[in-house]
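Open the model in your viewer and keep the selection tool at hand. This tour goes stop by stop: what to select, then what is there.

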Amino acid sequence: MEVDSVLTQTTQPKVYTSKDFESDQDVRWCPGCGDYAVLNAVKKVLPQTGKRKEDIVFISGIGCSSRFPYYVDTYGMHSIHGRAFAIATGLKITRPELDVWIITGDGDSMSIGGNHLIHLCRRNPNVNVLLFNNEIYGLTKGQHSPTSEKGLLTKSSPLGVIDNPFNPPALTLGAGASFVARTIDRFSAHLHDTILEASKFNGTSFVEIYQNCNIFNDGVFESFTDKEAKDDNIIILEQGKQLIFGKEKDKAIVLKGHSPEIVSLSEVNETNEWLHDPQDFVKATLLAQFTYMQGFPRPFGVFYSKQRPTYDELFESKGWDADESEIDKVIAGKFTWKVD
Amino acid sequence: MQRKTTDEMTLKEKELSSVVIKFVGDSGDGMQVSGNLFTSTSALAGNDIATFPDFPAEIRAPIGTVAGVSGFQIRFGSEEIYSPGDSCDVLIAMNAAALKSNLDTLKTNGIIIANTLGFDSKNLRLAGYSSDADPLGEVQAKGYKLVNVDLSKVAKETLADKGISTKEMERGKNMVALGLVCWMYQRPLDKVFALTEMRFGKKGDWAEWNKALIQAGWNFGETLELFNERYVVKPAPLQSGTYRGIAGNEALALGLIAAGHKSGLKLFLGAYPITPASDVLHELAKYKKLGVDSFMAEDEIAAICAAIGASYGGNLGVTVSSGPGIALKTEAMGLAISLEIPLVICNVQRGGPSTGLPTKTEQADLFQAMFGRNGEAPMIVIAPGSPRECFEMAFEAAKLSLEHVTPVMLLSDGYIANGAEPWKFPRMEELPKINPNLAKSVSGYKPYERDENFVRQWAVPGMSGMQHRIGGLEKENITGNVSYDPDNHQLMVDLRRKKVEKIVDFIPELKIVNGDEKGKLLVLGWGSTLGAITTAITDAHKAGIQVSQAHLRYLNPFPRNLEMVLNSFENILVPELNSGQLAFILKSNFNANIIQLNKVKGKPFLAREILEKITEINHGS
C-alpha cells in the first residue's frame, strides 16, 4: 500500500481543545519545572493552528525538554542529542504538508546541535523551534551549558564558568533566521501568544523560552519575573511601539546614531525615537545585543519576523513524475550496444 | 623518413584472447577520454571488458610530476573478463612521470608507446630523474618493446590549418594515441568516429578535429614500420541482449532509483561529499525532474538524520558515504535500528583508518558495518561483488529495508565504485515489486506489534488515528512506550536480533559458482574481490587444480547454507582487502579450516596473488 492511499482515508480538519492533545503518558518533569508551562501553552496553541492531529509532528533531541513529544497526542520522535533539526529538515522537505515542531534545549541546540541549528536557520524550512533555555544541563544533573552566565558555579565549573555564553537570538539572526522571538515560562499569556505567532509564521520560527530549572539553576531568570524588579529589567517588544520600560514606564531606549541608549521618556523626540519594527533586521540585531549589555533591560517578544521563500518550497519534493519507461531510459543511459 | 604502405610490409597478425592496455599521462592529458572512447569502441567490437581509472588524489597536481599522473586501464577480450587485469600488455605513456609511476605494471616484453616530447629534459627533471638519466634507453635494455612517437608533432601537423594555438593543437595528442592503438588492435574506425561525434558533438569543431587526429594516429601505425605485429581480439561469447557500460557508483544510484520507483515511495538521499562516494550524490542529483530528492547536508550526521526524517515521513531514506563519514553516522544508525524504520546506508569503502587513503580501495569497514554501534544493534549487511552488482544489491538493500522496516548497510568500495564493465541492464518490468510494510489498519494500532517475521507495521505522520511517539529510549514491547523494565529490554534486544536473523528466509542460498560442490579447497570472497578471485579460479582450473568458488553477498545474516558449504571443503581460503575481518567472523561462528589471504595496500588483489595462494595450498595438501 502506498502512503498516499492511506493518507486519503484521513478525516477533515476538526475543532480541537487543548485536552485533545493530551497523550496517555504521565508527564515526568520535576514538580515546579518550567517545562509544564510550555507544554500547556503549546497544547492551547495547537487547536488554533487548524491542523489535524495526525498532521502534526514534534521532533526533539535529548535533554529534559526533549521528553516533550511523549506528552502530546500527535506524531512525535524523541531522537538523538542535537540532531532534531536535521531530522525535522528531512521530514519537512519530503512531507511539506506536515506541521513540524522542534523541541530543544540550550545544550541540545547551542552545543551538540549547534551546526544543525545554524544550517536550519539559513535554509529556512517552515518549522517551529522551541528552545527551552534554562542555562544549565538538567538531565545530566547540573553541568554548565553554553548559555550559562560567566562565573556560574556548577559541578563541571567548580571555579566558575570561564566560557562566554551564547546569545541565542544573536546567533540565530546571524545564521539567517527569518523569525526570532524570546519569551519566558512565567508569563503565560506572553508565552502563549509568542508560540502562536511563531506557529503562524511561514518559515523557520525560532523561539527562545527562558525556562526555570528549579533543581539545578533555580531563580536564574528571577530578575525578569520578580514583581518588584522585573519592570526595570525587561522590555516587552510590540510592533510599532516605543521601547519603554521601568516601574514608572518612564524610561525609553532610543537610537543615538547606531548606538542604543537609555533615556528618560521625556527625552524621546522625533530624531531619536525607536519604534519596534520586526521587519528591520539591523534593529533586531541591536535588540539581540541587549542580552549582555550592562544596564539594558532584557527584550521579550518578536525580535525579527520577515518572510522569505521557505526551503520546503524551494526543494519542491513532488515524488515520482515518471513512469517505468522513463526509468528504463535512465537505466539504459546514453550509450548502449547490442550483442546478438 | 622512409614511408611504406602496409601491403609492402611483412606485418604479422596475431590473435589474442585478452589484452590489457593503459593510457597514462598528466591529469590534463585527456587519458580518461581516450580510455573511455577505446572502451566503448571495444564494446561495439563485441569484446568483454573491464576498466579501472587511476586518478591522483590531488585535483591539479604540478604538471609533469609523478603526483599528477592519471591513468585509465582497460582489459578487453574474446573471453569472459572478470577484472581489469594484473599487468599491462601496452603502456601509452605521455610523459616521463607516467612511465616512471607505471612501469612496474607492464608485463615483461610489454610494449611502451612513448610520447617523445614528454621525455625532454624538462619532463625528466619534473619526473624526478637525474639530468643524465635515459629512462627510454633503460626500458629498451630491459627488453621492453619501445615505440617512440612524437604524438604532439602529429597532432600539430593534423591541426595546422585550423587557426588554433600550438598549445591547443598539442592537446590533440591523446586522440593521436587513441588512433594508433585502434590501428594496433584493429578497432572498427567507423565506430570510433561515431562515438567521437557523440562525445564531442556539442563542442563545435572538435568532433571533426578529433576524428582527424584519430585518423592521423591510425595512419601513423599503418605507414610507419614501428610494429611488426598487429593484433586481432575477436568478439567474446557474451549473452545476447542490449548492453551499456556501468561503473559501480552509477549502478548503485540507478539501483536506488529503480527500487524507489518500484516501491511507490519517494526516494530521498541525504549526503555529504566524500571520496569515493560523491558520485552517487552527483548521479541522483541529476534526476530531480523525475522525482528523486537529493539533499546535500551540512555534515555526515545531518545527512543520515535528514534521511531518517524522510524515512519517518514514509519515504525511502538513503544516505551514502565512506568510512570516515559512516563513523560519524554511527549514533544515528543506532537510532534507526531502535526506531525500526527503513533506511539504506551505503558505504563506498576506502583505505583507513581516519582519512587514510581517500582515492584507494579497501574492505576494512566490515567490522564497522557489523559491530560499529553502541549497544546490541544488529543491522542487515550486504555487499555487491562488481560494478553491475551495485545495481542489484542497492535494489535489494532498499527492498529488504522497506519490507522488513529496518536499516540495511550496503558495502561497496572504491574499486568497484570507479571500475566499469558491460552490463546487460534489466528493464523495470523484469524487476520485482517492492511492498513497504506500511500500516494498514487504523483501529488499535500498536507501533511495535510484529508479524511472524518480527516486522512491525510502519505508520507515518498523516495517517489518522495512529498517532504515536517513538524514540531512542528503550520501548515497551508492542506499545512503544518508554520502558526501563529489565525483562522488557531483554525481550526487545532479542526481538530486534531475531528480526534481522529472520531475513535468512528472504535471501538466496550461497552457490558454488565455479568448481565442485565439495572438495579440498573453496575460495570464499565477499565484495569487490569477485573479479580477481574468478580470474584466479579460472586460471587454476586451466592449470588442472581442483578448487571451488563461492562469493558472499549477504554478510548479516549469512545465507542459511553457509555452514553446510564450509563443511563441504577441507580448506576455505578467504581473500580480503583487510587484515582478516570476514575470516575472523567465520572463525568465531563456524568450525572450518579458514586460511586467510590479506592485503592492505590500497590496491585490489591481482589474480595471480590469489592463484599463487591457491597453488601453495594445493601443493601443501
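**Stop 1: the nonpolar core**

The largest nonpolar core holds 270 residues, and B:Ile308 and B:Ala394 have the most contacts inside it. The model you are looking at is predicted. Select helix H12 (residues 300-312) of chain B: this helix gives the core its largest share, ten residues.

Now centre on B:Ile308. Which residues does B:Ile308 contact, leaving aside neighbours within four places in sequence? From chain A come A:Ile87 and A:Gly90. From chain B come B:Gly317, B:Ala332, B:Leu335, B:Ala336, B:Ile341 and B:Leu343. As background, nonpolar side chains tend to be buried together in soluble globular proteins.

**Stop 2: two helices of chain B**

Select residues 248-263 and 389-404 of chain B. These are helices H10 and H15; they pack at about 35 degrees, and their axes are 7 Å apart. The crossing of H10(B) and H15(B) is right-handed. On the H10(B) side, colour the contact residues B:Gly248, B:Ala251, B:Leu252, B:Leu254, B:Gly255, B:Leu256, B:Ala258, B:Ala259, B:Gly260 and B:Ser263. H15(B) answers with residues including B:Phe391, B:Met393, B:Ala394, B:Phe395 and B:Leu402. By class, this contact has 13 nonpolar, four polar and two charged residues. B:Ala394 was also named at the first stop, as one of the residues with the most contacts inside the largest core.

**Stop 3: B:Thr406**

Move on to the loop between H15 and strand E15 (407-413) of chain B, where B:Thr406 is found. Is B:Thr406 buried or exposed? B:Thr406 is buried, because 26 other C-beta atoms lie within 10 Å, and 20 or more count as buried. Not counting residues up to four places away in sequence, B:Thr406 touches B:Glu340, B:Pro342, B:Ile380, B:Ser401, B:Lys499 and B:Val500.

**Stop 4: chain A**

The C-alpha trace of chain A spans about 90 × 50 × 45 Å along its principal axes. Of the 340 residues in chain A, 48% are buried. Among contacts in chain A with a separation of 6 or more, 66% join residues 24 or more positions apart.

**Stop 5: where the chains meet**

Bring chain B back. The contact takes 58 residues from chain A and 66 from chain B. On the chain A side, select helices H1 (3-7), H3 (84-94), H5 (114-123) and H12 (324-332), plus strands E2 (75-78) and E14 (336-339); each supplies at least two residues. H3(A) gives the largest share of that side, eight residues. The side of chain A that touches chain B divides into 25 nonpolar, 19 polar and 14 charged residues.

**Stop 6**

Which strands form the open sheet, and in what order? Nine strands run E9(A)-E13(A)-E7(A)-E8(A)-E4(A)-E3(A)-E1(A)-E2(A)-E17(B), with mixed pairing. The edges are strand E9 (234-236) of chain A and E17 of chain B, each pairing on one side only. From one strand to the next, the twist averages 20 degrees.

Finish by zooming in on E2(A) and strand E17 (residues 469-471) of chain B, which pair in the parallel sense over three bridges. A:Met77 stands opposite B:Ile470, and A:His78 has B:Gly471 as its bridge partner.

Technical notes:
Residues numbered from 1 in each chain as written. Chains lettered and ligands numbered in written order. Predicted model: local features only at pLDDT ≥ 70, side-chain atom pairs only at ≥ 80, totals over all residues. Axes fitted to C-alpha atoms, helices over the stretch in contact; angles between N-to-C directions. Helix = DSSP H or I, 4+ residues; strand = E, 2+ residues; numbered from the N terminus. Left-handed = near helix turned anticlockwise from the far one by under 90°. Contact = placed C-beta atoms within 7 Å. Nonpolar A, V, L, I, M, F, W, Y, C, P; charged D, E, K, R; others polar. Pairing = 2+ DSSP bridges. Buried ≥ 20, exposed ≤ 12 C-beta atoms within 10 Å, placed from the backbone. Core = buried A, V, L, I, M, F, W, Y, C linked by C-beta atoms within 7 Å.
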